[in-house]
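Work through the following exercises with the sequence and the model side by side, and try each task before reading its solution.

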Amino acid sequence: MGLAAGRREAPGARDAPSRGVARRPVTAFPLALREVRHPGCMQQIPGAWQRTARGAGLLAADGAPVPTIFAEMSALAASTGALNLGQGFPDEDGPEAVLDAARRAIADGVNQYAPGRGFPDLLDAVAEHQRRFYGLELDPAREVLVTVGATEALAATLLALVDGPDDEVVVFEPYYDSYAACVALSGATLVPVPLRWPDFQPDLEQLASAVSDRTRVILVNDPHNPTGTVFTREVLDEVVRLAHRHDAIIVTDEVYEHLVFDGPHVPVATLPGAAERTVSISSAGKTFSLTGWKTGWVTGPADLVSAVLAVKQFLTYVGGSPFQPAIAVGLRLPDAFFASVASEMAAKAALLGTGLRAAGFDVSTPGGSYFTVVDAAPLGATDADAFCRELPARAGVVGIPLTAFASPAHRDRYATLVRFAACKKVEVLADAAERLAGMTRG
Ligand code: PMP
Ligand code: GLN
């Protein structure tokens, strides 16, 4: 692979996020969150935290960092007693066999550091999983790396592969919050390609014009958070073509790989010519309903995985040992388990969609993931952020404004759009639908 170094150009006026001001007034925070702020002092603390928070749109006008939208909205749900269809975590635990394996691992003394790349059994299980579902052949010792969730995998990968303002990272916008934060921390430039309501597929010409010789990484999240979109084969082919043309690395975030409703999931690495330049990232959190275990993995060519490891080993060295053998058990569960993960979430998304339509929203149909995006304009919303802040009081439900996933300059494109999570018990989704249907006027 000829991933060119030395193709530096002067930083130009690319479509980087405007260095926006935080979207929330101090008074909007629950007490516990407000207490951690030190207005007036924070600007004086030098360090990379400032550009990280600013990159994620989480720096208030007074220079203090504010919590992520997930932290804020889950706190709002907890303080108001509203149903939390905001932060994407299931309200039921994953398979008994996997839970038992973790308990057993603790009892059996798997309680000290794991090897830096992960226990060989989990490395094998990840490689077996990639072969079984996608026909990808990996050397478990060199082409797999266990991480502390996909979050650490993304951070280590971006910090390893991009370096300073001349490097650009192309992302689809709206994007998962950690992308902009990590790109900013690395000092690189974020180049967003818009996804638009209601199907959220990118325009291929806009994609092509976003990728240039300055592009170091094209970051693809498929199925996509927050929109629930599954990208068409045409889009994925174009990503690979552009990566070759401009000698860029493809980084994929596939944490929702087993939540494609009309499967099968197509990893970018399976496309012709892609594997040699693709770093694939996934996690146990969504597949096994174990988001709190924070166990993820990176797969790809040995040299790229080693580059990621060079950074990862100084972020955490390793994650929680007893979870690793348990996730190996999970990855080896029969096909029927993985099929049921997708079919149960598809049924929940359909139920949620029906409820949201009945409540008067315009509803986008997701192809996968936990998420359904609605347009709240028919209910009088003009500002998704304000709408979500009022929703607990008006309806007893929490959602996430899509504006939180966009750079400040582009938030108007998503002004009335809200994300709801379907990864909740059927009775919770039915209750939420009923509450939304009876919503008081704003
Ligand atoms: N990427 C996406 C698209 C996500 O939705 C999430 C949240 N689950 C993550 C990464 C982070 O995954 P993890 O909890 O495994 O760190
Ligand atoms: N992935 C979860 C979501 O999109 C949030 C995880 C987090 O809070 N960082 O809802």
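Ala, Val, Leu, Ile, Met, Phe, Trp, Tyr, Cys and Pro count here as nonpolar, Asp, Glu, Lys and Arg as charged, and the others, Gly among them, as polar. The model is a predicted one, in which local features need pLDDT of at least 70 and side-chain atom pairs count only at pLDDT 80 or more, while totals for chains, interfaces and linings use all residues. Residues are numbered from 1 along each chain as its sequence is written, and chains are lettered from A and ligands numbered from 1 in the order in which they are written.

**Exercise 1.** Describe the shells around ligand 2 and ligand 1.

*Solution.* A residue is taken as near a molecule if its C-beta atom, placed from the backbone, lies within 6 Å of it. Begin with ligand 2, which is surrounded by F70, Q87, G88 and N225; by class, this shell has 1 nonpolar, 3 polar and no charged residues. The shell of ligand 1 divides into 3 nonpolar, 9 polar and 2 charged residues, and helix 6 gives the most to it, with 3 residues (helices, H or I of at least four residues, and strands, E of at least two, are DSSP runs numbered from the N terminus).

**Exercise 2.** Characterise the largest nonpolar core.

*Solution.* Such a core is a set of buried Ala, Val, Leu, Ile, Met, Phe, Trp, Tyr and Cys residues joined through C-beta atoms within 7 Å, where buried means that 20 or more other C-beta atoms lie within 10 Å of the residue's own (12 or fewer is exposed, in between partly exposed), with C-beta atoms placed from the backbone. The largest core has 132 residues, and L158, V169, V217, I218 and V418 have the most contacts inside it. Its largest share, 9 residues, comes from helix 6 (residues 149-161), and at least three residues are drawn from each of domain 1 (69-93 + 336-437) and domain 2 (96-332), bounds that come from an automatic or database domain assignment.

**Exercise 3.** Examine how domain 1 meets domain 2.

*Solution.* With contact defined as C-beta atoms, placed from the backbone, within 7 Å, 31 residues of domain 1 touch 29 residues of domain 2. On the domain 1 side, helix 13 (335-358), strand 10 (371-375) and strand 13 (417-421) each supply at least two residues, and helix 13 provides the largest share, 6 residues. By class, that side has 19 nonpolar, 7 polar and 5 charged residues.

Methods:
Two residues are in contact if their C-beta atoms, placed from the backbone, lie within 7 Å.
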